[in-house]
Amino acid sequence: MTSDKHSLPQGTEAVRDPAAEPLFRALITPHRSLGQNAFRLVMTLMCVATFVSSVPFMLAGAWPVAGFFGLDLLAIYLAFRVNFRRARSFEEVFLTRIELLLRKVSHRGDRREWRFNPAWTRLERVSDEDFGLQRLTVVSRGESVSVGNALSASEKADFADAFSAALAVAKHG
């Protein structure tokens with residue numbers, strides 16, 4: 001018989017630990033405005049445009065121009081592939097009363113984690129009067145970690161407000 005650490009004896013109720021309850025949780029992913037179907041459509045249209053544009057050059061005997069059009073098409077395709085690959089990265093922020101967990105996963109799958117005590121943690125904001133909130137940094141006992149780099153200035157401001165409020169609850173109960 002195997003035992004599961006999450007199973008409870010019959011007739012008992014789960015007791016929730018308020019310190020482990022999440023106060024704030026965010027998953028930050030890079031914004032990509034072009035999905036796979038739209039990518040296929042764009043590449044199809046680019047192929048048609050490349051073919052139509054290269055036909056007059058081929059008929060005029062300047063066939064190498066068609067090859068350069070093909071190289072342009074290949075460069076655009078590769079740029080999109082790199083863009084989609086980088087979209088796999090994400091940042092995760094998880095705050096409870098006793099711990100702040102920051103996890104960053106790159107597009108290659110490389111993971112980095114930081115764990116902080118919320119009582120000794122603050123969020124620093126760097127703003128520009130013309131461009132708004134530019135950078136957010138979590139600082140705790142001399143260590144600092146940038147967070148929310150994939151967000152726009154207004155999204156960073158919303159994130160900072162919500163995270164700061166949750167951090168205040170974690171600190172002061």
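Predicted model: local features only at pLDDT ≥ 70, side-chain atom pairs only at ≥ 80, totals over all residues.
View A. Look for the 8 bridges that join β5 to β6 (residues 132-140) in the antiparallel sense.

**View B. The largest pocket holds about 150 Å³ of space.** Its lining includes I28, T29 and P30, along with S89, F90 and E91. K104, V105 and S106 also line this pocket, as do N149 and A150. Strands β2 (90-95) and β3 (100-105) each supply at least two of the lining residues. Sorted by class, the lining has 5 nonpolar, 4 polar and 2 charged residues.

**View C. F39, Y77, F80 and F84 gather into one aromatic cluster.** The whole structure has 8 aromatic pairs. In one of them, F39 and Y77 are tilted, at 6.0 Å centre to centre with 35 degrees between the planes. This pair links distant parts of the chain, since F39 sits in helix α1 (residues 36-59) and Y77 in helix α2 (residues 63-86), 38 residues apart. F39 is buried, at 5% relative accessible area, whereas Y77 is partly exposed, at 34%. F80 and F84 form a stacked pair, 6.5 Å centre to centre and 25 degrees between the planes. Both lie in helix α2, 4 residues apart, or about one turn of the helix. F84 counts as buried because its relative accessibility is 13%, and buried means under 20%.

Notes. Residues numbered from 1 in each chain as written. Heavy atoms only, no water. Pairing = 2+ DSSP bridges. 1 Å grid on protein atoms, 1.4 Å probe; cavity = no way out; pocket = protein on both sides within 12 Å on 5 of 7 lines; lining within 4 Å. Points joined across faces, edges and corners; volume = space filled by probe spheres on them. Nonpolar A, V, L, I, M, F, W, Y, C, P; charged D, E, K, R; others polar. Phe/Tyr/Trp six-rings, centres within 6.5 Å; stacked < 30°, edge-to-face > 60°. Buried < 20%, exposed > 50% of the residue type's maximum accessible area, 1.4 Å probe, protein only.
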